[in-house]
Amino acid sequence: FTAIAPGDFYRARLLVQDAEVPAVGKLVEGISPTVVPIEMTPQISLYARVYVALDREGGLRVGDAVHFFRRDREVRPHGRVYVSTGMGSVEALEGNVATVEVRTVYDVISVSDLAVPAARFPVRAGVAPRTPRQALEGRLVGFGVEHPVQLTQELAFLDLGAAAGVKEGDVFSAYVPRTQKDWGTRPEIPVARMQVVRVTDRTATARITGLEQPALEVGLPVRLVSEMP
């Protein structure tokens with residue numbers, strides 16, 4: 001396993017409580033004036049400019065990087081999924097309105113997306129996971145996209161976060177615990193490997209990097225197998 005790339009960190013979906021999202025405003029309009037009648041709302045694409053209404057003046061400054069998120073489904077009791085839709089840079093400010101140029105698109109960027117100051121990428125170059133110094137166990141509590149069989153490169157949510165010492169780049173194994181059968185004790189069955197790409201206080205988003213059994217499901221226990229220094 002190697003360290004994660006900035007794109008893995010910024011495109012990751014989050015599972016957080018609403019109050020944990022440090023939004024400073026929301027996207028209110030794409031800048032696309034026209035006198036031509038159109039049936040559909042124009043799509044916000046790469047290098048488009050958009051208006052962000054700030055909750056208060058001074059919430060952003062010219063040159064700041066902005067991260068857009070869309071509120072999605074709830075995963076009780078852990079919070080709500082927030083979809084990373086794209087990133088941009090503040091080009092101008094007028095009162096409580098910021099003009100933002102879209103620099104990266106991860107999903108469909110839409111009016112009402114929340115605007116969040118972009119977090120600093122936390123992983124140092126050249127650093128890779130190593131054998132963990134702590135025993136850390138948790139559970140898989142949801143998926144970035146829900147469907148019956150999960151695939152490699154998709155995202156899963158763990159009920160462990162920064163408060164438990166989890167860091168971006170950590171590697172977890174999901175498994176079926178050993179089970180008592182009428183013929184004896186069935187050993188533990190490895191199911192998948194996952195690498196953490198984004199951490200919040202109480203949860204982590206992990207990318208599925210290996211799937212040994214098509215049995216990855218919500219509720220499976222996970223164990224830390226490699227950690228970032």
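R13 is buried, with a relative accessible area of 17%, where buried means under 20%, exposed over 50% and partly exposed in between (1.4 Å probe, protein chains only). The model is a predicted one, in which local features need pLDDT of at least 70 and side-chain atom pairs count only at pLDDT 80 or more, while totals for chains, interfaces and linings use all residues. Residues are numbered from 1 along each chain as its sequence is written, and side-chain values use heavy atoms, with hydrogens and water left out.

The side chain of R13 meets that of D107 in a salt bridge (3.5 Å, N to O), a term that stands for a side-chain nitrogen of Lys or Arg within 4 Å of a carboxyl oxygen of Asp or Glu. Because R13 lies in the loop between helix 1 and strand 1 (14-16) and D107 in the loop between strand 6 (97-105) and strand 7, the pair ties together parts that are 94 residues apart in sequence. Helices (H or I, at least four residues) and strands (E, at least two) are DSSP runs, numbered from the N terminus. D107 is partly exposed, at 23% relative accessible area.

By this rule there are 17 salt bridges. Among them is the one between D18 and R80, with the closest N and O atoms 3.2 Å apart. D18 lies in the loop between strand 1 and strand 2 (25-30) and R80 in strand 5 (residues 79-94), so parts 62 residues apart in sequence are tied together. D18 is partly exposed at 36% relative accessibility, whereas R80 is buried at 16%. A network of salt bridges also links R49, E91, E101 and R103.

Aromatic rings come next. The structure holds two aromatic pairs; rings of Phe, Tyr and Trp (its six-membered ring) pair if their centres lie within 6.5 Å, and planes under 30 degrees apart count as stacked, over 60 as edge-to-face and the rest as tilted. The rings of F9 and Y10 have centres 4.9 Å apart and planes at 80 degrees, so they are edge-to-face. For F9 and F121 the centres are 5.6 Å apart and the planes at 70 degrees, so this pair is also edge-to-face. F9 sits in helix 1 (residues 6-11) and F121 in the loop between strand 7 (114-117) and strand 8, 112 residues apart. Both F9 and F121 are buried.

Finally, six strands form a closed barrel in the order 8-9-14-13-10-15, with antiparallel pairing; two strands pair if DSSP finds at least two bridges between them. Strand 8 (residues 137-143) and strand 15 (residues 221-226) are joined by three bridges, and G138 stands opposite V222 in strand 15.
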